[in-house]
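Subject: Structure handover

Hello,

Here is the structure for you to look over. Please keep it open beside the notes below.

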Amino acid sequence: MIGSVPILRIGRTLLLSIQLELSDAVAETLQNDVLLAIEKHGTSSLVIDITGFDFVDTYVARILAETSKMARLMGTETVIVGMRPEVAATLVRMGYTMEGVRFALDLDEGLGLLGHVIAR
Amino acid sequence: MVEVISRVEVPIACEDDVVVVRRRVRVLAGQRQLDSFAVAAVTTATSELVRNVFVHAGGGKAILEEVTDGTRYGLRATFIDEGPGIDDLERVLRGGYSTAHTMGLGLSGSRRLVDRFEIETEPGKGTCVKIEKWAPF
Amino acid sequence: MDHQKYLKLLRFDEAELASRRAFFKVGDEDLKRLADLRAFAEQHSDAVIDAFYEMLLGHAETKRFFPDEAAVRRVKRLQRDYFLGLFSGRCDLEYVQDRLRVGAAHERIGLSPKWYLGAYRQYLALLRTKLLADFDAERAELCAQSLERLVFFDMSIAIDTYIAANVETIGRHQHAIRELSTPVIRVHDRILLMPLVGTVDSLRASQIMETLLVRVVDEKARYVIIDIAGVPVVDTKVADSLVKTTSAVRLLGAETILTGISPPIARTIVQLGVEIVNMHTRARLQEGIELALELAGKVIVDRKPTG
Ligand SMILES: Nc1ncnc2c1ncn2[C@@H]1O[C@H](COP(=O)(O)OP(=O)(O)O)[C@@H](O)[C@H]1O
Ligand SMILES: [Mg+2]
């Protein structure tokens with residue numbers, strides 16, 4: 001299952017594009033894999049694309065937020081991109097605003113925020 | 001008066017059942033004319049409550065019902081377990097309190113996502129949470 | 001008018017038909033008895049219908065639904081079809097579909113159930129008199145009972161449809177109100193403005209959030225200005241919902257600028273202890289727009305005087 005969440009590396013950036021529904025166990029494994037990849041490749045930034053999520057509960061949201069904070073401790077800045085309106089509304093209504101995590105509208109913006117400009 | 005159109009019972013026995021149950025809820029909610037925000041809300045609440053049954057009570061079951069009051073459709077989900085129950089319900093419902101070192105926003109958060117939220121719990125006996133989400137006019 | 005839609009909305013299928021017929025005791029023998037009265041019905045239809053409209057036109061509140069002679073002639077024709085339908089010997093889904101029209105049509109013109117309940121009663125009374133005049137007491141009584149069953153069955157359908165149609169009308173109105181109450185304007189590239197006017201209750205607050213979030217994603221907005229100058233009262237709930245909206249906008253990767261903060265609103269927000277650390281705020285809309293442009297890396301400059 002984990003095979004379907006590829007971790008791409010573009011220069012010093014890791015890109016995680018999650019397209020499938022995460023079970024709790026897969027989410028935990030994914031966090032671990034990302035941190036290992038950061039250690040292995042010495043990356044400086046991480047982009048997590050969650051466009052594919054049509055809902056995110058507090059469990060997955062916590063893992064995303066924690067991954068971002070752990071990555072920061074390892075010197076890697078994270079930005080989460082592509083959150084859908086429904087997901088944002090739901091999380092905020094539940095009282096989880098994911099403070100301390102950075103967000104961008106889409107991949108382009110996310111990379112821009114991290115100081116990368118994709119050549120056009 | 002609320003009438004039940006369909007009813008299924010799904011066991012919650014392993015972690016994958018969290019995925020199974022919330023998927024079923026998402027499909028049912030989509031069929032019942034709930035808008036995308038309502039679908040996300042009820043799916044998320046379900047995810048939280050099923051996980052609670054599995055994590056905090058070691059298993060139980062979910063009952064999913066499509067309901068109507070004659071003019072609108074709704075979805076009702078009931079989560080039942082015979083686990084340890086909740087000692088300090090008031091504190092749990094205020095949010096931010098967890099015995100599992102997680103967010104502690106599952107119950108309090110779900111409550112804010114649905115149109116109806118009822119919880120019955122008895123220490124040592126178990127917990128039953130019932131939620132409803134209705135399609136807007 | 002889409003009768004199929006109402007059949008579906010009321011979930012009127014064979015099972016519902018059977019259950020309702022059983023409850024109103026509309027049996028096959030009733031239908032047969034009424035079908036046998038076909039000649040009687042045709043003979044009296046004009047008289048019954050004329051008397052029926054005399055009553056409706058004789059009452060000021062019902063009279064206004066029939067503005068002119070032509071309207072009366074038209075509804076009398078429809079009424080005749082309805083009337084003869086009672087003696088068709090049928091009570092199947094097609095019959096129901098026909099009856100659904102009554103409630104839906106009345107809802108459309110605003111004729112509420114009380115009037116047609118009274119009208120149905122009048123119908124029964126008129127027919128009973130005719131039955132007693134034409135037949136022996138026993139048959140007249142049996143026929144009157146059958147008629148009563150079917151007419152009450154019809155009434156139940158008319159009322160159900162009236163309610164369903166009414167709920168639908170309310171839904172349409174709410175949709176229109178929603179669009180009016182949550183306007184979003186694109187003021188510049190990737191800058192949106194939501195000027196709020198009027199009271200914000202919890203339903204509207206949630207619509208504001210949803211509408212805004214959808215537009216942010218659709219328009220790839222970076223900055224969102226919410227102007228609350230037109231909101232008369234900002235209480236804890238409103239302040240809280242604005243904060244939530246701002247938080248949700250942030251999760252999408254955009255920023256919110258709250259403008260129109262008058263002294264009383266500023267006072268309320270501070271006294272309520274609402275956390276506004278992550279929010280840009282300005283007193284006036286103009287300053288909010290300037291800030292959005294500045295954040296977007298743009299400036300407004302005076303054009304050099306020419307000549
Ligand atoms: N079904 C349940 N059975 C027993 N205890 C429960 C149940 N659901 C919730 N609880 C208790 O309530 C607390 C809060 O639950 P919740 O709001 O979902 O947050 P979390 O699951 O992150 O702890 C849990 O830590 C647990 O102590
Ligand atoms: Mg929980």
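Predicted model: local features only at pLDDT ≥ 70, side-chain atom pairs only at ≥ 80, totals over all residues.

Residues are numbered from 1 along each chain as its sequence is written, while chains are lettered from A and ligands numbered from 1 in the order in which they are written.

Sheet pairing in chain B

Strand 2 (residues 60-68) and strand 3 (residues 73-81) of chain B run antiparallel, joined by nine bridges. Helices (H or I, at least four residues) and strands (E, at least two) are DSSP runs, numbered from the N terminus. Two strands pair if DSSP finds at least two bridges between them. Ile63(B) has Thr78(B) in strand 3 of chain B as its bridge partner. The two strands form a hairpin, with four residues between them. In the turn, Gly70(B) has a positive phi of about 95 degrees.

Strand 3 of chain B also joins strand 5 (residues 126-134) of chain B. That pairing is antiparallel and has eight bridges.

Ligand 1

The shell around ligand 1 holds 22 residues (C-beta atom, placed from the backbone, within 6 Å of the ligand). The closest are Asn52(B), Ser98(B), Thr99(B), Thr102(B) and Gly106(B). Helix 2 (36-57) and helix 4 (106-113) of chain B are the elements that give two or more residues to this shell. Helix 2 of chain B has the largest share, with five residues. By class, the shell has nine nonpolar, 11 polar and two charged residues. Ala, Val, Leu, Ile, Met, Phe, Trp, Tyr, Cys and Pro count as nonpolar, Asp, Glu, Lys and Arg as charged, and the others, Gly among them, as polar.

Contacts between chains

Between chain B and chain A, 22 residues of chain B are in contact with 18 residues of chain A. Contact means C-beta atoms, placed from the backbone, within 7 Å. On the chain B side, helix 1 (16-31), helix 2 and helix 4 each supply at least two residues. Helix 2 of chain B gives the largest share, nine residues. This side divides into eight nonpolar, nine polar and five charged residues.

Chain A also touches chain C, with 14 residues of chain A in contact with 14 residues of chain C. Helix 3 (85-94) and strand 5 (102-104) of chain A each supply at least two residues of the chain A side. Helix 3 of chain A gives the most, six residues.

Strand 3 of chain C

Six of the eight residues of strand 3 (residues 223-230) of chain C are buried, so this strand is largely enclosed by the rest of the structure. A residue is buried if 20 or more other C-beta atoms, placed from the backbone, lie within 10 Å of its own.

Strand 2 (residues 191-197) of chain C pairs with strand 3 of chain C in the parallel sense, over six bridges. Val197(C) has Gly230(C) as its bridge partner.

Strand 3 of chain C also pairs in the parallel sense with strand 4 (residues 255-259) of chain C, over five bridges. Ile226(C) has Leu258(C) as its bridge partner in strand 4 of chain C.

Best wishes

Technical notes: Contact = placed C-beta atoms within 7 Å. Buried ≥ 20, exposed ≤ 12 C-beta atoms within 10 Å, placed from the backbone.
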